[in-house]
Amino acid sequence: MSDKLIEVKNISFSYSKNSPLIFKDISFSIERGDILCVLGPNGTGKTTLIKTLNKLHEINSGEIILNGKNIKKLSFKDISKSIGYIPQGHVPSFPFTVFDVVLMGRSPYISLSSSPRTRDRKIAEDALKTLGIYHMRDKEYTNLSGGERQLVFLARVLAQEPDVLILDEPTNHLDFGNQIKLLQILEQLSQLGMAIIMSSHYPDHALLVANKVAIMKDKTFLTFGKPEEVITEETLKETYDMEVMIKDVGDGRKTCIPLKSDFKLKMDNYKSKFQQKKKIIQ
């Protein structure tokens, strides 16, 4: 069996036939154990790209090959057996227990007319134990913190037993500690052979755990490769239009330090308003 789990070949996408392309001519491949981090400014199409990888959006041209098969020929059920997906936001609407939420990850393997089997429940329990949240199994999902919900949703995806895990800005809305904890979990999953694709706003996150990085800008990949080759002061300046310093912090690790720019707000209109308000208060 090939180690290539996803092959993306010159794909392009637009929301309708006559609308402008959101992205174009994107190609890459992901193998077992890879962590690909897609960086880029807001509005560049990262989320849209991620949604095409599990067929939530149909591409206009090109090919997406999943485990050797064209994704266009696969059902959503088949795709769900190979790809686990965590979107940017998942707002709970019903107070299911944590265990029930995780058990829903087994739905690709359960027909509409049958109930979860003992094996399905065991897999759900194992997913909770793997992430260290088994003690929360009877809590209501709606009463959890943002960080706890993210871990529960990740456990639900693990219960799918996917080959590929796709996450859209997974550290969004998490505090600093939970961001690092989640990244470490993703790194451990990759070491077990799972391939991971994630979008992020933070180059430091890519430097911390990724072995492949793509920078997306102007509707395509500006560059793709190893983190140390892609995340440079020059490429980050070109991507985000700001000065960045990359420093070696020891043990082979690097970090990005944003530098202050000479950008200044045009405050003339506000200045007069604030002065008038100050006079009234006095």
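Before anything else, a working rule for my notes: contact means heavy atoms within 4.5 Å. I'm looking at a predicted model, and that goes for every entry below.

I checked its length next. α5 has 14 residues and spans 20 Å from its first C-alpha to its last. That is close to the 20 Å expected at 1.5 Å a residue.

How many residues of α5 are buried? I get 10 of the 14, so the helix is largely enclosed by the rest of the structure. I jotted down the buried ones: Gly147, Gln150, Leu151, Val152, Phe153, Leu154, Ala155, Val157, Leu158 and Ala159. Their packing partners are β6, α3 (98-103), α4 (118-130), β7 and α6 (176-191).

One backbone detail turned up just after α5: Glu161 has a positive phi of about 55°.

**Entry: cavities**

I ran through the cavities and got 2 of 30 Å³ or more. The largest cavity holds about 50 Å³ of space. Which residues line it? I noted Gly147, Gln150, Leu151, Leu174, Asn178, Lys181 and Leu182. Both α5 and α6 put at least two residues each into that lining. Gly147, Gln150 and Leu151 were already in my list of buried α5 residues.

A reminder to myself on helix geometry: an α-helix has 3.6 residues a turn, so residues three or four places apart point the same way.

**Entry: the β9-β10 end**

Strand β9, residues 212-217, runs antiparallel to β10, and 5 bridges join the two. Met216 stands opposite Phe221 in β10. β9 and β10 form a hairpin with 2 residues between them. In that turn, Asp218 has a positive phi of about 55°.

**Entry: His57**

Is His57 buried or exposed? My cut-off for buried is under 20% relative accessible area. His57 comes out at 18%, so I file it as buried. As for location, His57 is in the loop between α1 and β4 (61-66). Skipping neighbours within four places in sequence, I find His57 in contact with Phe13, Tyr15, Thr48, Lys51 and Thr52.

**Entry: whole chain**

I finished with the overall numbers. The chain has 10 helices and 12 strands. Of its 282 residues, 44% count as buried. Along the principal axes, the C-alpha atoms fill a box of roughly 70 × 50 × 50 Å. I also looked at contacts with a separation of 6 or more: residues 24 or more positions apart account for 65% of them.

Technical notes. Residues numbered from 1 in each chain as written. Predicted model: local features only at pLDDT ≥ 70, side-chain atom pairs only at ≥ 80, totals over all residues. Heavy atoms only, no water. Pairing = 2+ DSSP bridges. Helix = DSSP H or I, 4+ residues; strand = E, 2+ residues; numbered from the N terminus. Expected span 1.5 Å × (residues − 1). Buried < 20%, exposed > 50% of the residue type's maximum accessible area, 1.4 Å probe, protein only. 1 Å grid on protein atoms, 1.4 Å probe; cavity = no way out; pocket = protein on both sides within 12 Å on 5 of 7 lines; lining within 4 Å. Points joined across faces, edges and corners; volume = space filled by probe spheres on them.
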